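Me: Please go through this model with me, one question at a time. I would like the cut-offs stated along with the answers.

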Amino acid sequence: MSCSLIAEMEMRGSEDVEMGQDITPPFPPLSFSLHDSFLLSHCSACFSPLPLRPTFPHIPLPLPPYLLSYCSPRCSSSDSPLHFSSAEFHLLRSHPSSFGESSDLRAALRFLHSLPASCRSVPNGRLAGLLTNRDKLLARTGYDEEFVERIRDGARVMAAARKMREGYGSSEPNDFVLEEAALCLVLTNAVEVQDDSGRTLGIAVYDPSFSWINHSCSPNASYRFFLSSPPPCCAQARLRIVPCARHGLETQIESGVCSISELSYGEMRENNGPKVVVRSIKRIKKGEEVTVAYTDLLHPKEMRQLELWSKYWFICCCRRCSSSHLTYVDHILQEVSPASLQSSSLLSGQDIYINGTIESLTDHINDAITEYLESGDSESCCKKLEDMLTQGLLYEQLGGREEKSQPVFKLHPLHYLSLNAYTTLVSAYKVRASDLLTLYSGMEEHHLEALDLSRISAAYSLLLAGATHHLFQSEPSLIASVANFWIGAGESLLTLARSSVWSIIVKCGLPATNLSYTLSKHICSKCSLMQKFIAILHHREVQSTDLENISSEFFDCVTNITQTVWGFLIHGCQYLRAVKDPIEFSWLGTRKDSSTRDIQPHLGSSAVVSYHGDEGSFSVCEAHTCIFQVGVHCLLYGGYLACICYGQHSNLITHIRNILDPEECLINRFHETDK
Ligand SMILES: C[S@@+](CC[C@H](N)C(=O)[O-])C[C@H]1O[C@@H](n2cnc3c(N)ncnc32)[C@H](O)[C@@H]1O
């Protein structure tokens, strides 16, 4: 069978599919590679963390050092022949470190090695059915020289490694077309493989039934990875999507394209590498195009478009991108507003600075985040981010003339940069709390301060989940992000509530007399979330048709309880004081009325101890109960959403089970009533 271009490809539903169903079986990768930074910490065959004594490639390789390792002799024997025969070994040995990340080159070498000889030409831009985009990517000469150079140099390094493997000596090869095509194919089709915590470990290229799925910024499907064997229910999933040629070309799909069975997996066994499964996150009708996201759906329109153009060389025309006005979500994600006390008397011509404003705000926020990641200085990061969120940028800082009453440009609390800042603040406050506990393990005063820091961290995680949820209500494809953020919020709140530091408060004689966990604290009489989630935990099918009812029950309940405890959670934090409600955002219209000027943060003087509530009657004990209740609600709702987008047997659900474990009696009790 020859390998010729048939058309621009896409995948369509072959039958009606409900939301939350696997629409493909698990696909093993055609090629995969760990990112360079994980080569010595993770197994190069299955991507799992390496044991203390890893196994090295076991074929008769030249001398050590080996530049990758395996978790077991089994992984080594199945992958190390390919490591050598694909010339990955030679590339790692000869590859100058100045060249940068090599995972795409290594994945391309592995891909080339698995190609049958009949498919090793690149007519019309495809290899084994997969689009290479080589012509488009190399056509950037003149305005993206660095990118083009990277492809040309990469192909040269790959070709040299292949020559070395064949023992042709070190003379430079002079034709790199196939290597360029394979590298461009990897850049066009490879997906980032993440572990359960969302960390990107490496990349993988899958067969056309996966790779022909196009992008949308409002997709109806998502995908997930299995680093170990998928559970039987996923393994048995049918392929419920079919390939289709775009633009109405009546072409039989497999004709002219190397069929998958023709791809020689070489030494790569079916069991190697992370498997991928595609799942519906919306209802998909028979014949409807199936799409996934190639980019972060929480990025604003312009940024997504730029990312898609620079990486994949296309302009997205999805519903979100092509509507004549920005969609509500895109509007909110990029809203920067002049917010000053005299905002009605805005200086004429300030529009000129709006573009500069976004760049400056972006630089300030990104610099603070990068500095934190590099230096680990969590205290300075919290200060910088909160100063920027609270004060914004002055007109003068943007290059405007100094005026008596300068307008201030602030990020909207739901702006994508604010969301990024909240994510970092959740982590930075958590790190500060744990550092304090480690440094001053015996000093109660510092324990109370650590509790304050954990409290602020939990408040930011609740705000992050509430903000994303607000956007999710208008853009259902944000379901996976919102699930993760609710789970994160639930985890933070339950960790806060379970902190041993609360017992110090009891010792101090504060009115926190009943801090034990009792069922009455968790059972919510107003919503059935608990029963539904427990049923799911006990392996019932998740009913995605319940989504609307469950979401509104959850929303009402969690908004109510949060209103009681929010003042306590944010006590002493200047920025969060301006956030009237972290879940129900109707207050945003009146945000400018709220004054935060006279409130100074006083973390460190133990806000928990000094807090008496706005009404003066809210006890620490009540706060503790509410934190627990909100935490359980968030975790269960996040778990419910995660069941829809990852399946109820996903590791995330096991993770939630483990967090709820101390409340096992609760789960069992519901299980009994359920029977
Ligand atoms: C992984 S492939 C997807 C399958 C591809 N359409 C094909 O024919 O093989 C990625 C490439 O498909 C094209 N593509 C994906 N989504 C698109 C979209 N929404 N609009 C236009 N082109 C798209 C771009 O050329 C992109 O580089």
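Reply: Two strands pair if DSSP finds at least two bridges between them. Strands (E, at least two residues) and helices (H or I, at least four) are DSSP runs, numbered from the N terminus. This is a predicted model, in which local features need pLDDT of at least 70 and side-chain atom pairs count only at pLDDT 80 or more, while totals for chains, interfaces and linings use all residues. Residues are numbered from 1 along each chain as its sequence is written.

Me: In S11, what is the bridge partner of Asn 214?
Reply: S7 and S11 are joined by two bridges and run parallel. In that pairing His 215 is bridged to Val 292 of S11. For Asn 214, the partner in S11 is Thr 291.

Me: Which strand is joined to S11 by two bridges and runs antiparallel?
Reply: Strands of a sheet pair through backbone hydrogen bonds, either parallel or antiparallel. Strand S11 covers residues 289-292, and its Val 290 is the bridge partner of Met 11. The antiparallel strand joined to S11 by two bridges is S1.

Me: Which are the edge strands of the open sheet of four strands?
Reply: The sheet has mixed pairing, with the order S7-S11-S1-S9. An edge strand here pairs on one side only. The edge strands are S7 and S9 (241-245).

Me: Which residues come nearest to the ligand?
Reply: A residue is near a molecule if its C-beta atom, placed from the backbone, lies within 6 Å of it. There are 16 residues around the ligand. Strand S1 (9-13), helix H6 (177-189) and strand S7 (214-215) each give two or more residues to this shell. Those that come nearest are Met 9, Leu 131, Asn 214, Tyr 312 and Phe 314.

Me: How many charged residues does the shell around the ligand have?
Reply: Ala, Val, Leu, Ile, Met, Phe, Trp, Tyr, Cys and Pro count as nonpolar, Asp, Glu, Lys and Arg as charged, and the others, Gly among them, as polar. The shell has seven nonpolar and seven polar residues. The number of charged residues is two.

Me: What is the phi of Ala 128?
Reply: Ala 128 lies in the loop between strand S3 (126-127) and strand S4 (130-131). With 24 C-beta neighbours inside 10 Å, Ala 128 is buried. Most residues other than glycine have a negative phi. Ala 128 is not a glycine, yet its phi is positive, about 50 degrees.

Me: Which residue just after H9 takes a positive phi?
Reply: Helix H9 (residues 301-312) reaches 16 Å from its first C-alpha to its last, close to the 16 Å expected at 1.5 Å a residue. The expected span is 1.5 Å times one less than the number of residues. Just after H9, a positive phi of about 70 degrees is taken by Trp 313.

Me: How many of the 19 residues of H16 are buried?
Reply: The end C-alpha atoms of helix H16 (residues 479-497) are 27 Å apart, which agrees with the 27 Å that its 19 residues should span. The helix is largely enclosed by the rest of the structure, because its buried residues number 17 of the 19.

Me: Which residues is Ile 656 in contact with, leaving aside its neighbours within four places in sequence?
Reply: Two residues are in contact if their C-beta atoms, placed from the backbone, lie within 7 Å. Ile 656 lies in helix H24 (residues 651-660) and counts as buried, with 23 C-beta neighbours inside 10 Å. Its contacts, with those neighbours left aside, are Ile 487, Leu 635 and Gly 639.

Me: How many residues does domain 1 give to the contact with domain 3?
Reply: The domain assignment, automatic or from a database, gives domain 1 (9-292), domain 2 (325-436) and domain 3 (443-674). Domain 3 gives 16 residues to the contact, and the number from domain 1 is 16.

Definitions and conventions
A residue is buried if 20 or more other C-beta atoms lie within 10 Å of its own, exposed if 12 or fewer, and partly exposed in between; C-beta atoms are placed from the backbone.
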